[in-house]
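Let's take a walk through this structure together. Have the sequence and the model side by side as you read.

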Amino acid sequence: MTILEQLDQDFKEAMKAKDEVKISTLRLVRTALKNKQIEVQHVLTNDEVVSVLKTMIKQYQDAISDFTNAGRQDLVERQQKEID
């Protein structure tokens, strides 16, 4: 099973479980992957998917740093849940 297939399966399970944080996060991931696929004009390999995910995690970690400096613990917790 490819990473893309696993993400689709996880998304379906999150929808059934009504896990709003997971649904939201997986929507963001799927959108980023779709945009990358459009950019490179072919189906993404597992390495390309991992690269996109690493970029997203880096962006989220930067956001956590910014939210911490701003004293927004609620947003820090949300970003950490999305990374997890």
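A residue is called buried here when its relative accessible area is under 20%, and exposed when that area is over 50%. Bear in mind that this is a predicted model.

Two packed helices are described by the angle between their axes and the distance between the axes. For helix H1 (residues 3-17) and H2, the axes come within 9 Å and cross at roughly 150°. Angles over 145 degrees count as roughly antiparallel, so H1 and H2 are roughly antiparallel to each other. Their crossing is left-handed. On the H1 side, the contact includes Leu4, Leu7, Phe11 and Met15, while Ile23, Leu26, Val29 and Leu33 are among the H2 residues they meet. In total, the contact divides into 9 nonpolar, no polar and 5 charged residues.

Finally, look at the loops. Lys18 sits between H1 and H2 and has a positive phi of about 55° although it is not a glycine. Lys18 is exposed, with a relative accessible area of 65%. In the loop between H2 and H3 you will find Gln41, another non-glycine residue with a positive phi, here about 60°. Gln41 also counts as exposed, at 72% relative accessibility.

Definitions and conventions: Residues are numbered from 1 along each chain as its sequence is written. This is a predicted model: local features need pLDDT of at least 70, side-chain atom pairs count only at pLDDT 80 or more; totals for chains, interfaces and linings use all residues. Side-chain values use heavy atoms; hydrogens and water are left out. Axes are lines fitted to C-alpha atoms, for helices over the stretch in contact, and angles run from 0 to 180 degrees between N-to-C directions. Helices (H or I, at least four residues) and strands (E, at least two) are DSSP runs, numbered from the N terminus. Angles under 35 degrees count as roughly parallel, over 145 as roughly antiparallel, 65 to 115 as roughly perpendicular and the rest as oblique. A crossing is left-handed if the near helix is turned anticlockwise from the far one by less than a right angle, and right-handed if clockwise. Contact means heavy atoms within 4.5 Å. Ala, Val, Leu, Ile, Met, Phe, Trp, Tyr, Cys and Pro count as nonpolar, Asp, Glu, Lys and Arg as charged, and the others, Gly among them, as polar. Buried means under 20% relative accessible area, exposed over 50%, partly exposed in between (1.4 Å probe, protein chains only).
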